[in-house]
Amino acid sequence: MRAQAAPLVRSFDEWRVAARGFIARRVAPETIEWLSSAGAGDLLSAASAPAAATMEESGGQAGTRLPRQLMALLEAASCHSADDRWAFLYKVVWRWQRGERDVVSPADADGARLHGMVKAVRREEHDMHAYLRFRERKEADGAPRFVAWFEPTHHVLPQVAVHFARRMGNVTWMIATPQAAVLWDGEALHEAPSLLRSAADIEDAGEALWLTYYRSIFNPARLNADLLRSHIPSRFWKNLPEGAIVPAMISAAANGERRTGQAETVGRRGGSAIAVAAVDAQPQRGHPTTLDQCRRCELWKNATQAVPGSGPQRARIMLVGEQPGDQEDLEGLPFVGPAGAVLDKAMAEAGMDRGSIYLTNAVKHFKWELRGKRRLHKTPAQKEISACHLWLEEELARVRPDVVVALGGTALKSVLQDGSATMAPAMDAPVRHEGRWLVAVYHPSYVLRAPDEASRRAAYQVIVDGLRQALRLVDG
């Protein structure tokens, strides 16, 4: 049976009108194609459902009667981002009308999904209430006085906007998301297209004062980093003002400040300096036994955590990058950020299975500098590369790869233990080094930084060709 196309549905009210008409005609769910965007569907997209009154809650005078509780569940679930939500909600109503009352029970498969969608939407509303941050604009710039950016997983902006309208009185504000924006003029809410690209588009002169206050109330002795991460998912950190400084504070707490519960400056006292070199004042210590204990250079101080390699304990190919990026530093895994996405694409094109490859970095801590509100990558110095080589040696000895692919200059210098090594001659052909093949290609981040499309394509192709060469070497 050919599917019937519902009219374009963009809201719960539009869906309710269309669903009421289909229910009245006894149209089965599997025969309807619900459209949620212009251009979706087939040649029936121009067709329309029969005109109908909207569904009514129990107690109404006309239309399909549903219990208030079910209507509330349907309306909440309609905010879920699932592509098939309109079809699923119609299926629930269809089953209810046929007398299948267990469709709203969590013990039923559809009922469980319905309650799960509602729970996810309610959680997203709660998270948006908790983690949305308004930034104040200059009074001379006019309305809106406060601006916020948020990236919701589900379609909860309208109801969250009502929440803030009730709380903030007649102060003007705007909440922007990637898809849309809502403005409050002090009396009414107005919908608009998204006017921002990210939180970085918002300037707030008073934010420095807030961050100073945040640092001053931070007590490292009471920090529970695992609890903090479980309460605030990593996707929210990048848009929180304090997200730029929390990783460094967590690192400092884990490596000394937690023992005293005091800020670095509290223990300073005046008096005469004693001429003792730092190296003489410290007891002799052996090499750290775990990566988390590593203090061989200063990078650990401002990193959230060390990021070890990942992959099979015996892999024939090892890819060595430069250092973790911002997302890798937060998640503790290599190549999970934008550069990782480029690498995944190149590996797939080369026919390389990521699950069989060992991925690591020459430097295990994220080296960064603050630019506005963002932590930006900073190239490790040679002394930092040399200090971290101990851990790369341990990985090479444990994994015993037949081929090492150096992704970029830092990785090449670390693998060769040669601070003067350069990429151009190394990319000409693979070389034997310490009993294994070494292939050199660009780092995936180089593709992202290339100035034009032609340069990006050329750099990306070098990576793909290098990965294919690595596969040929292990197969040969």
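These notebook entries record what I looked up in a predicted model of one protein chain.

**Basis.** I number residues from 1 along each chain as its sequence is written, and side-chain values use heavy atoms, without hydrogens and water. Local features need pLDDT of at least 70 and side-chain atom pairs pLDDT 80 or more, whereas totals for chains, interfaces and linings use all residues.

**Whole chain.** I found 17 helices and 16 strands, taken as DSSP runs numbered from the N terminus (helices: H or I, at least four residues; strands: E, at least two). Of the 476 residues, 43% are buried, meaning under 20% relative accessible area with a 1.4 Å probe, protein chains only. I then looked up contacts (heavy atoms within 4.5 Å). Among those between residues at least 6 apart in sequence, 69% join residues at least 24 apart.

**Helix 1 and helix 3.** From helix 1, F12, W15, A19, F22 and I23 meet W86, L89, Y90, V93, W94 and Q97 of helix 3. I sorted these residues by class: 10 are nonpolar, 1 is polar and none is charged.

**Helix 4 and helix 5.** The axes of helix 4 (residues 109-131) and helix 5 (residues 157-167) come within 10 Å and cross at roughly 40 degrees. In helix 4, V121, E125, M128 and H129 meet L157, Q159, V160, H163 and F164 of helix 5.

Note on methods
Buried < 20%, exposed > 50% of the residue type's maximum accessible area, 1.4 Å probe, protein only. Axes fitted to C-alpha atoms, helices over the stretch in contact; angles between N-to-C directions. Nonpolar A, V, L, I, M, F, W, Y, C, P; charged D, E, K, R; others polar.
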